[in-house]
Amino acid sequence: MLREIVPPTDCPSCGSALEWLNQLLYCKSSICGAQKQKKIEHFAKTLKIKGLGPAAIEKLGIQDFDEIYTLTLEDISSALSSDKIALKLKGEIDNSKSAPLDLVLPAFGIPLIGKTATKKLSETVKDITEINADTCERAGLGPKATENLTFWLINEFYSFYDGYLPFNFKFVVKEKVERRGVVCISGRLKSFKTKADATETLSSQGYEVKSSLTKDVTILVNESGVESSKTKQARESGIKIITDLKSYLEN
């Protein structure tokens with residue numbers, strides 16, 4: 001006999017009412033301990049604070065981002081029962097203080113404000129004080145992303161974090177790189193782990209990356225050896241075809 005599965009109505013962590021979103025249940029309570037834990041985990045991971053994982057966060061009793069930077073060496077050593085681990089973790093925390101806004105902004109876990117949105121903003125504004133609805137629109141952020149970010153700035157950043165976190169909240173000033181060509185990647189890569197890694201390297205060296213073989217593409221990357229439709233089209237159009245991207249960029 002089949003039994004009906006009844007979805008929960010309350011959050012098992014904080015007891016707040018759950019909300020349906022895209023056929024999934026979410027707790028949106030600002031006081032939810034489980035949510036805070038996950039946000040701090042994401043923050044530490046994004047800023048690459050080694051040693052500040054779920055277990056350490058729980059033992060240290062961290063409830064919010066600013067509490068990470070008020071921890072003393074003695075606090076960490078006492079909570080983790082190790083002077084050696086405490087020294088390493090304190091060093092990691094101190095190193096993270098120099099992180100630019102390029103890394104810090106995605107670390108807060110603002111919905112729709114990840115690396116891509118942050119990169120767009122970095123090309124439009126210099127620091128967090130210049131972010132508003134107008135600059136978000138000029139940067140190419142969508143209405144929902146803009147709404148989420150401006151809401152967070154008003155209700156969280158300026159209300160709670162401004163002045164309590166050690167960052168300068170400025171984007172890295174990027175030197176203008178001369179455009180060297182337009183690249184399209186076809187199929188899987190062998191010289192890079194992911195297309196995202198390859199795209200980042202190409203962009204830093206002055207190449208623009210397109211997902212499709214548009215008329216302005218000057219280089220097609222095909223490391224798979226498969227004669228794809230893009231490869232055939234590129235060959236017919238006289239576009240340069242590269243079979244080892246990493247070697248090509250190193251030459």
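Predicted model: local features only at pLDDT ≥ 70, side-chain atom pairs only at ≥ 80, totals over all residues.
**Exercise 1.** Work out how far apart the mean positions of the positive and negative charges of the protein chain are.

*Solution.* Start by counting: Lys and Arg are positive, Asp and Glu negative, while His and the chain ends are left out. Place each charge at NZ of Lys, CZ of Arg, CG of Asp or CD of Glu. That gives 35 positive and 33 negative charges, with mean positions 7 Å apart.

Residues are numbered from 1 along each chain as its sequence is written, and side-chain values use heavy atoms, without hydrogens and water.

**Exercise 2.** Classify the ring pair of Phe65 and Phe108.

*Solution.* First, the criteria: rings of Phe, Tyr and Trp (its six-membered ring) pair if their centres lie within 6.5 Å; planes under 30 degrees apart are stacked, over 60 edge-to-face, the rest tilted. The structure holds 12 such aromatic pairs. For Phe65 and Phe108, the centres are 5.3 Å apart and the planes at 75°, so the pair is edge-to-face.

Next, locate the partners: Phe65 sits in helix α3 (residues 65–68) and Phe108 in the loop between α6 (101–107) and α7 (115–122), 43 residues apart. Helices here are DSSP runs (H or I, at least four residues), numbered from the N terminus.

**Exercise 3.** Is Phe65 buried or exposed?

*Solution.* Apply the cut-offs: buried is under 20% relative accessible area, exposed over 50%, partly exposed in between (1.4 Å probe, protein chains only). Phe65 has 3%, so Phe65 is buried. Phe108 is buried too, with 3%.

Notes: Helix = DSSP H or I, 4+ residues; strand = E, 2+ residues; numbered from the N terminus.
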